[in-house]
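Here are a few friendly notes to read with the model open beside you. Take them one at a time and find each spot as you go.

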Amino acid sequence: MKRNILVIALALAFPACSHDVPEVFDLNTGTSATKTSFEVLREYDSNLRDEEIWSSIEEEARAEDSVTKATSTNLIGMSSGFLSCLTAGRIHSVIGTYESRDLNGDPIRVSGRILYPKQGKIKNMIIVSHYTIGSNAEAPSENFSFEGIYAALGYVVVIADYIGFGVTKDMVHPYLQANTTARNVIDMAVAARPFLKNRGIVPESDEVILVGYSQGGATTMHVQRLLETDEEYAGTFKIKINYAGSGPYDIARTYDYSIEKDKTGIPCAIPMIIQGMSIGMERPLDMFFFFKEPLLTHYREWLNSKKYTVSQISALIGTNYLSEILTANARDKSNPETARFYQELRKNSIPNNYYPQAPVYMFHSEDDQTVPFVNSQLMQRQYTIYNVHTGGDVKVEYDFGHYGNHQQGALKFILKVAVILSKS
């Protein structure tokens, strides 16, 4: 049972963890829903400390075949040490909706969660771009995301659901559509700021911290890009630092890597990328061209019903070999239809001419077989060349090492950021 808690959704990123809701407050604030308003759906207090969950993580670390014993031991030590630094106090969760924009630029109400400690000072606002999920039950507005642990360390944590989850669960999630997802994240923080101020929740610093792993790692870099360069968002928030973990910064290279290996640790990831790119295209892709059976017949149910976690979708697909999931055309870059797909992949990757202004902490496990390490290597090369040849001042701390597979890397990243935040 303990293993199932982690195995169900430790896929492209991290699982949500269940919890009891002992106290329920307002069901609705009755306030009008405007572009900058955060409209409350429900809120409650809860105790963050849940050793059963962390025991599950430790058990999974020991059992993971692809990780060395030393790596597992280090992770177990880190999680145990982190438990001791968690406060025994309670945190407050507020679930609500706010206005953002969909792929067409039209207004849409999206949902998310705000977390903050019940007592004590607030250091900063943390804007989280969450990891990949499959079921709506895992959405931040429906369940407790692991990044919420940072609220216990004295931070306001803001986590958007993304379109396709929460109140928009009946819509297809625009997976890895860079600008739309980043806007959803920023708009959530924009709406949260006056809402929190009205409650007297004002951080000591007006600088925000960005955090994201896996899908969230790429998204948080796009959030930083929009906050620094976009005409609408530039100057909205001052960024203290961005913690970006194991993101598919170059989606085309990520796809290439999986095709070349003919294997992926997360079988549903590639179909999610193909569908996610398709819905952002003026002329969508034909899934018949890309998907083999049984995925072709069932992908709408498996990917879009929001009934299944990432691990459950992967189990339904039934194989890790892409040659058994995708057609030959989908693996042929010379095909015109596949070339159209690659154009969309490149459009939603981190631009080659973007150089972050605020500091970045970039984490990646060199053993990652889901979001290959080459993604972060390319970023390091791009920023290093820029600094050397132009005298630029891109401030990036690279934390690369043999931290295990993608899931093990998620544990390491979440915990390492927590330790850093606890000392800030």
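1. Start with the neighbours of Q275: leaving aside residues up to four places away in sequence, Q275 touches V172, Y299, L303 and N304, where a contact means heavy atoms within 4.5 Å. Q275 is found in helix α7, residues 269-278; helices here are DSSP runs of H or I with at least four residues, strands are runs of E with at least two, and both are numbered from the N terminus.

2. Is Q275 buried or exposed? Q275 is buried, with a relative accessible area of 9%; buried means under 20%, exposed over 50%, and partly exposed in between, using a 1.4 Å probe and protein chains only.

3. A word on what you are looking at: this is a predicted model, in which local features need pLDDT of at least 70, side-chain atom pairs count only at pLDDT 80 or more, and totals for chains, interfaces and linings use all residues. Residues are numbered from 1 along each chain as its sequence is written, and side-chain values use heavy atoms, leaving out hydrogens and water.

4. Next, look at helix α5, residues 215-229. Of its 15 residues, 14 are buried, so α5 is mostly covered.

5. Of the 424 residues, 59% are buried. Among contacts between residues at least 6 apart in sequence, 79% join residues at least 24 apart.

6. Finally, check the confidence: the mean pLDDT (the predictor's confidence in each residue, from 0 to 100) is 86, and 82% of residues reach 70 or more. Over residues 1-33, though, the pLDDT is below 50. Where pLDDT is low, the predicted coordinates should not be read in detail.

Conventions: Expected span 1.5 Å × (residues − 1).
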